[in-house]
Each structure stands twice: as structure tokens, then as C-alpha cells.
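Open the model in your viewer and keep the sequence beside it. The stops below are given in the order in which to select them.

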Amino acid sequence: MLISALEGCGSSKMIAGTIDNSNLKVPLSSFQQDKSSFRKYILVNNPDLKYPVCVYRFSDTEYTALLMRCTHQGAELQVFGDRLECPAHGSQFSDTGKVQNGPADTNLRSFPVTVNNDQLFISLK
Ligand code: FES
């Protein structure tokens, strides 16, 4: 299948998150690549979200969840490893959402993340 072929070579993984009480929920297992390795990030989508959320994993307990909306004029960002890039005018952001290159001059919107019972809760409030 095309999807598993793509995952197999390490490209990004899109997960359908569920929204519950303004938390976007994703199973932690979404980061598991095989028994001992983890994806650096996953992309989470939900029909109620206008933009996907990119979740970076730094450790078992440390994550950042970033809205993939460019803070310049609102284009949807693309992810390249540990940076996000805007296809519209080339702004770049780090894996913690900080602007690295303009024209954007505001960091990305980020959401608090908590881990509970093998689930990641991304607070959308
Ligand atoms: S909308 Fe992203 S750089 Fe302009």
C-alpha cells in the first residue's frame, strides 16, 4: 500500500485525532515507529480544525503541539524534519514554533500538551 510505503521511509504520519472537551486526543502509540524507535513528529488532523497540528516529540514526557498556520498571512505550513516552512512567502519556524525567517514576525500558536493513560491531550482552549 502506498501509505505504508511512505511511512516506511520515514515521511510524516497524519493521524486523525478526536476532540473531547476541547482537547485533541491522540494515542501515544502514534509516535511508535517500531519497537524501539519513535517518530520525531506526527501531524494531527480533525474535521473541526482548519489547520493540522504538528506535534513534536522530544522525550516520553516532552512534546510541543503547533498549529500549522503561518503567522504571516495564514497559509498552511509544510513540515521538513525539525522545521516548518511556509509555501507562500518562505517563512520558517523551529520545532518549538519560533520564527527563524520572515516575513512572519510572530511565533506559531502552540497548545499545552499533557500525557495521560497512553494518550496525548492537546488543549485547544
Ligand atoms: S503566508 Fe506564510 S510567509 Fe506569507
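Two strands count as paired if DSSP finds at least two bridges between them. Strands themselves are DSSP runs (E, at least two residues), numbered from the N terminus. This is a predicted model, in which local features need pLDDT of at least 70 and side-chain atom pairs count only at pLDDT 80 or more, while totals for chains, interfaces and linings use all residues. Residues are numbered from 1 along each chain as its sequence is written, and side-chain values use heavy atoms, with hydrogens and water left out.

**Stop 1**

Select residues 41-45, which make up strand 6.

Is strand 6 largely enclosed or open? Four of its five residues are buried, so the rest of the structure largely encloses strand 6. Buried means under 20% relative accessible area, exposed means over 50%, and partly exposed lies in between (1.4 Å probe, protein chains only).

**Stop 2: the aromatic residues**

Show the side chains of Tyr41, Tyr56 and Phe58, which form one aromatic cluster. Rings of Phe, Tyr and Trp (its six-membered ring) pair if their centres lie within 6.5 Å; planes under 30 degrees apart count as stacked, over 60 as edge-to-face and the rest as tilted. The whole structure has three aromatic pairs. In one of them, the ring centres of Tyr56 and Phe58 are 6.4 Å apart and the planes lie at 25°, so this pair is stacked. Tyr56 is buried at 1% relative accessibility, whereas Phe58, at 39%, is partly exposed.

**Stop 3**

Select Arg57 together with Phe38. The charged end of Arg57 sits over the Phe38 ring, 3.9 Å from its centre; this requires NZ of Lys or CZ of Arg within 6 Å of the ring centre and within 35 degrees of the ring normal. Arg57 also forms a salt bridge with Asp60, with 2.6 Å between the closest N and O atoms. A salt bridge is a side-chain nitrogen of Lys or Arg within 4 Å of a carboxyl oxygen of Asp or Glu. Arg57 is buried at 16% relative accessibility, while Asp60 is exposed at 53%.

Go on to Thr61, in the loop between strand 7 and strand 8 (63-67). Thr61 is exposed, at 64% relative accessibility.

**Stop 4**

Select strand 9 (78-80) and strand 12 (99-101), the edge strands, each of which pairs on one side only. They belong to an open sheet of four strands in the order 9-10-11-12, with antiparallel pairing. Strand 9 pairs with strand 10 (residues 83-85) over three bridges, and Gln78 stands opposite Glu85.

Which residue forms a salt bridge with Glu85? The partner is Arg83, with the closest N and O atoms 2.5 Å apart. Glu85 counts as buried at 19% relative accessibility, and Arg83 as partly exposed at 33%.

**Stop 3: one more salt bridge**

Finish with Asp20 and Lys25, whose salt bridge has its closest N and O atoms 3.6 Å apart. Asp20 is partly exposed at 38%, and Lys25 is partly exposed at 22%. The structure holds three salt bridges.
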